[in-house]
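Work each task first, then walk through the solution below it.

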Amino acid sequence: MTSHSDAVTVHDRWVDTPSGRLFTRTWQPRHARSAVPILLFHDSLGCVELWRSFPAALCQATQHPVVAYDRAGFGRSDARLAKPPHTFIEDGYRQAVAALLEALAITHFIALGHSVGGCMAVHCAGQQPERCRGLITIAAQAFNEPRTRQGIEAAKEAFQQPDQFAKLAKYHGDNARWVLDAWIDTWLHPDFAEWTLVPALERVQCPTLVLHGERDEYGSHRQPERIARYTHGPAHCDILPGVGHVPHREAESTVVALIEEFVARLTLEVSVTNA
């Protein structure tokens with residue numbers, strides 16, 4: 001399916017992977033400043049549709065293509081039956097990204113992830129340094145702190161209400177229960193209490209932009225500070241005042257402007273390097 005606006009063309013397609021078909025959506029600017037796409041990694045309850053207006057706004061502001069996909073078991077992608085292993089952040093997306101890059105003929109990209117998707121973006125940047133031009137994390141976790149678990153406990157209670165669960169099912173259909181249980185059971189499992197992103201952060205060499213809401217209910221300021229501290233490339237951290245766990249929805253224009261500035265610097269640095 002392809003749709004058009006004055007500034008952006010949107011194209012949907014499915015990509016075959018060893019774990020099933022993945023749904024992808026690409027926002028293409030009419031007059032692209034660069035062919036390097038911004039690759040979006042969604043959060044633990046997310047999917048392509050739940051990025052809402054952010055990808056189109058990001059595409060129009062940066063004049064870069066933007067690509068999002070539903071991980072296996074999420075959104076419109078094929079269902080999963082088994083619960084994800086505790087290594088899902090490190091290796092759960094590898095086959096998907098490899099298949100996406102090949103199917104969409106992507107040679108270089110900018111990795112952007114929200115929440116646990118930010119953690120996946122970190123791994124992706126560290127594992128593909130020759131292809132990842134820049135890294136952007138939004139409300140990502142660097143370790144499993146008490147606030148993280150308290151936030152999930154509160155969400156677990158809220159999703160006991162049928163109307164709240166129905167909102168999740170609207171986007172994940174019959175997969176909604178699997179999506180919810182995968183998130184809650186993994187992060188609250190005792191074996192996951194000592195999880196840390198630091199080894200992955202230490203492999204990141206590209207420039208990094210770290211965005212975090214001041215009122216994030218799933219992570220204190222220690223999360224973005226740790227992300228910025230342990231990457232080996234240049235890193236910039238912004239704490240957004242009055243903002244919670246979904247900055248790109250709560251303060252979309254601010255987040256887009258910060259990313260636009262970051263991406264413009266990346267493009268300039270690449271141009272200077274290749275001159």
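**Exercise 1.** Find which helix holds Glu 261 and Arg 265, and how the two are placed along it.

*Solution.* Step 1: both residues belong to helix H11 (residues 252–274); helices (H or I, at least four residues) and strands (E, at least two) are DSSP runs, numbered from the N terminus. Step 2: Glu 261 and Arg 265 are four residues apart, about one turn of the helix. An α-helix has 3.6 residues a turn, so residues three or four places apart point the same way. Step 3: Glu 261 forms a salt bridge with Arg 265, with 3.3 Å between the closest N and O atoms; a salt bridge is a side-chain nitrogen of Lys or Arg within 4 Å of a carboxyl oxygen of Asp or Glu. Step 4: Glu 261 is partly exposed at 48% relative accessible area, and Arg 265 is partly exposed at 36%. Here buried means under 20% relative accessible area, exposed over 50%, and partly exposed in between (1.4 Å probe, protein chains only).

Before going on, note that this is a predicted model, in which local features need pLDDT of at least 70 and side-chain atom pairs pLDDT 80 or more, while totals for chains, interfaces and linings use all residues. Residues are numbered from 1 along each chain as its sequence is written, and side-chain values use heavy atoms, leaving out hydrogens and water.

**Exercise 2.** Work out what the salt bridge between Asp 12 and Arg 25 connects.

*Solution.* Step 1: the N to O distance between the side chains of Asp 12 and Arg 25 is 2.7 Å. Step 2: Asp 12 is in strand E2 (residues 8–17) and Arg 25 in strand E3 (residues 20–29), so the bridge ties together parts 13 residues apart in sequence. Step 3: Asp 12 is buried at 5% relative accessibility, and Arg 25 is buried at 10%.

**Exercise 3.** Trace the network of salt bridges that includes Asp 12.

*Solution.* Step 1: the network links Asp 12, Arg 25, Glu 49 and Arg 76. Step 2: within it, Glu 49 and Arg 76 meet in a salt bridge of 2.6 Å, N to O. Step 3: this pair links distant parts of the chain, 27 residues apart, with Glu 49 in the loop between strand E4 (38–41) and helix H1 (54–62) and Arg 76 in the loop between strand E5 (66–69) and helix H2 (88–91). Step 4: Glu 49 is partly exposed at 29% relative accessibility, as is Arg 76 at 40%. Step 5: the charged end of Arg 76 also sits over the ring of Phe 23, 4.5 Å from its centre (NZ of Lys or CZ of Arg within 6 Å of the ring centre and within 35 degrees of the ring normal).

**Exercise 4.** Describe the aromatic pair of Phe 41 and Tyr 69.

*Solution.* Step 1: the structure holds nine aromatic pairs, where rings of Phe, Tyr and Trp (its six-membered ring) pair if their centres lie within 6.5 Å, with planes under 30 degrees apart stacked, over 60 edge-to-face and the rest tilted. Step 2: Phe 41 and Tyr 69 are edge-to-face, 6.1 Å centre to centre with 80 degrees between the planes. Step 3: Phe 41 lies in strand E4 and Tyr 69 in strand E5, so the pair ties together parts 28 residues apart in sequence. Step 4: both Phe 41 and Tyr 69 are buried.
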